[in-house]
Amino acid sequence: MPASFLHARFLAAVSVLAGGFALAPAAAAQASTIYPPVDSCTTSPASVGAGETLEFSCNEGTFGALEAVTITVRGENGAGATFAFAHFAVSTGSVARSSGADGALAPVRITLPANASGVYNIAAISATSAGGAASASIVGADGLPSTGGNSDQLLGVWIGGGALVLAGAVIVIARVARARRDRNDD
């Protein structure tokens with residue numbers, strides 16, 4: 001190959017690399033606006049009782065100005081959560097709101113289901129931002145976290161476990177009786 005052809009290919013490769021390096025700072029700046037800092041969204045209060053209402057909000061700059069934001073609630077019966085004072089069936093556990101001119105999400109009132117337990121994760125996303133998330137823990141009347149454990153749900157485990165222990169005892173008794181009978185036959 002002629003040296004001028006190799007020289008032209010080398011210059012083309014250098015130009016592509018230089019263009020990539022020139023655009024890298026712009027891409028990095030864009031990435032910082034797409035992914036907001038940690039703790040950009042909060043719940044208040046962070047611990048509530050089942051059936052109680054909390055507020056979810058996000059700091060300014062979390063979203064673009066005046067854009068549609070989808071808020072989703074995940075947790076036990078999260079689809080039973082209602083947003084604001086509207087009591088309508090939300091089958092997906094989500095609702096759409098708009099961010100403010102500063103990119104913040106104003107507080108959204110969320111009433112958790114009456115049978116809420118455990119932790120509820122609430123996330124907000126938009127078309128141009130990964131948004132943010134926060135969680136709320138459910139506490140019982142005694143102020144302790146409600147983990148979702150229910151002794152009625154364990155009834156089957158106790159019955160099944162008891163049946164296994166009983167079956168094991170029957171097998172052990174039968175083997176002991178057989179061993180005695182074999183000894184007495186000798």
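The side chains of R109 and E55 meet in a salt bridge, at 3.9 Å from N to O (a side-chain nitrogen of Lys or Arg within 4 Å of a carboxyl oxygen of Asp or Glu). A search of the whole structure finds one such salt bridge. The model is predicted: local features need pLDDT of at least 70, side-chain atom pairs count only at pLDDT 80 or more, and totals for chains, interfaces and linings use all residues. Residues are numbered from 1 along each chain as its sequence is written, and side-chain values use heavy atoms, with hydrogens and water left out.

**Salt bridge**
- R109 lies in strand β7 (residues 105–111) and E55 in strand β3 (residues 53–58), so the pair ties together parts that are 54 residues apart in sequence; helices (H or I, at least four residues) and strands (E, at least two) are DSSP runs, numbered from the N terminus.
- R109 is partly exposed, with a relative accessible area of 31%, and E55 is partly exposed at 32% (buried means under 20%, exposed over 50%, partly exposed in between; 1.4 Å probe, protein chains only).

**Sheet**
- Five strands form an open sheet in the order β2-β9-β8-β4-β6, with mixed pairing (two strands pair if DSSP finds at least two bridges between them).
- Its edge strands are β2 and β6 (94–98), each pairing on one side only.
- Strand β2 (residues 47–49) runs parallel to strand β9 (residues 132–139) over three bridges, and V48 has I138 of β9 as its bridge partner.
- Strand β8 (residues 119–126) and β9 are antiparallel and joined by six bridges; A123 is bridged to A133 in β9.
- Five residues separate β8 and β9 in a hairpin, where G131 in the turn has a positive phi of about 70 degrees.
- Strand β4 (residues 68–74) pairs with β6 in the antiparallel sense over five bridges, and the partner of I71 in β6 is V95.

**Helix α2**
- Helix α2 (residues 155–185) has 31 residues and reaches 45 Å from its first C-alpha to its last, close to the 45 Å expected at 1.5 Å a residue (1.5 Å times one less than the number of residues).
- The count of buried residues among the 31 in α2 is zero, and the helix is hardly covered.

**Confidence**
- The chain averages a pLDDT of 76, and 68% of the residues score at least 70 (pLDDT is the predictor's confidence in each residue, from 0 to 100).
- Residues 26–33 stay under 50 in pLDDT and have zero contacts beyond four places in sequence (contact means heavy atoms within 4.5 Å).
- Over residues 85–91 the pLDDT is below 50, with seven contacts in the model beyond near neighbours in sequence.
- Where pLDDT is low, the predicted coordinates should not be read in detail.
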